[in-house]
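Colleague: I'm new to reading structures, and I'd like to learn where the words come from. Could you take me through one, term by term?

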Amino acid sequence: MARARSLRPFPGVRPIGRPFWLMLPGVAWLLVFGLAPVAFMVAVSFWRSSIFGTTPDFVFDSYVRIIEEPLYLDLIIKTLRMAALTTLLSLIFSYPLAWFLATRRGAWKAICLVAVFVPFWISYVVRTFVWLPILGRNGLINQALLSLGIVDAPVGWLLYNEGAVYLGLVYVYTLFMTLPIYLALGRIDPKLLEASADLGARPWQTFRHVVLPLSWPGVLSGCIMVFLLAVSAYVTPRLLGGTSGIMLGNMIASQFLSNNNWAMGAALSVTLVAIVGALLLVTGRWIGIAEVFTGGKK
């Protein structure tokens, strides 16, 4: 009995309160600021909106309009496509950057990390707005093309289209993809790379069979974060997309702010959340999303 008491981690120390009461503040915060707004949005999506305002009711008018009108379905598909392509482009640019940062040493590594983080200390809106004087008809790129004699008149296709939206989204979300990949690469033991080379593996084989599997949780984490942020983007499509680059977030905002149709705005929000949740649930069995939260441990 004495030996059993001595094996206790903190003999003589009694816990303060019960585990349930210790969890209560966190659970209350989640309910009030997490689940309650979502529940209210779901309830509003079944209300009835008209020119006289929104009245509490239980109707499916908003969801019927989403299904019947091609405008909403096309915009949902377009938003998912743009978010997926933004995620892919961010991964293509971020993985080499993360590898470069992970392989630096000493003061040079610190300088590179600061150089990557500094732009993201500026406001998201400011970093998006700065593309206007760069891509505009009187912007930096057009002025350079005119000065070099490449074009005779300013080109207008650099701005207010999907390409400009992709550029803005990839730029503002690069850090969210680079950071988790960088952390995953930093945990790889260099001896594994040396062992792979000693066994005759070429650099591409080492990357495919050693580096990529070990960094996969970081890749998944970055892809999930960028996709979720891109699918709900509002500022970037609003500033850089014009009429051809709008996404579902812009439509939802217009329903609340311009059309005063809260029911439709809530229904579009619920639809987007349901679709994204279903995609994560279905693809989770294939890509192993659970590894993101366990650090790659089973």
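Modeller: Gladly! Helices (H or I, at least four residues) and strands (E, at least two) are DSSP runs, numbered from the N terminus. Please keep in mind that this is a predicted model, where local features need pLDDT of at least 70, side-chain atom pairs count only at pLDDT 80 or more, and totals for chains, interfaces and linings use all residues. Residues are numbered from 1 along each chain as its sequence is written, and side-chain values use heavy atoms, with hydrogens and water left out.

Colleague: Why is H4 called oblique to H13?

Modeller: H13 is the helix of residues 248-257, and H4 packs against H13 at an angle of about 135 degrees, with the axes 9 Å apart. Axes here are lines fitted to C-alpha atoms, for helices over the stretch in contact, and angles run from 0 to 180 degrees between N-to-C directions. Under 35 degrees counts as roughly parallel, over 145 as roughly antiparallel, 65 to 115 as roughly perpendicular and the rest as oblique. That is why H4 is oblique to H13.

Colleague: Which residues meet there?

Modeller: Leu71, Tyr72, Leu75, Ile76 and Thr79 in H4 meet Leu248, Met251 and Gln255 in H13, where contact means heavy atoms within 4.5 Å. The residues of this contact divide into six nonpolar, two polar and no charged. For that count, Ala, Val, Leu, Ile, Met, Phe, Trp, Tyr, Cys and Pro are nonpolar, Asp, Glu, Lys and Arg are charged, and the others, Gly among them, are polar.

Colleague: Why is Ser215 called buried?

Modeller: Buried means under 20% relative accessible area, exposed over 50%, partly exposed in between (1.4 Å probe, protein chains only). Ser215 has a value of 0%, so Ser215 is buried. This serine lies in helix H11 (residues 203-231). Leaving aside neighbours within four places in sequence, Ser215 is in contact with Tyr95, Ala184 and Leu185.

Colleague: And what makes Arg81 partly exposed?

Modeller: Arg81 has a relative accessible area of 40%, so the label is partly exposed. Arg81 lies in H4 and touches Glu162 and Tyr166, not counting residues up to four places away in sequence. The C-alpha atoms of Arg81 and Val231 are separated by 8.9 Å, although these residues are 150 residues apart along the chain.

Colleague: Why point out the phi of Tyr160?

Modeller: Most residues other than glycine have a negative phi. Tyr160 is not a glycine, yet has a positive phi of about 60 degrees. Tyr160 is found in the loop between H8 and H9, and at 48% relative accessibility counts as partly exposed.

Colleague: How many helices and strands are there in the protein chain?

Modeller: The protein chain has 15 helices and two strands. Of its 298 residues, 36% are buried.
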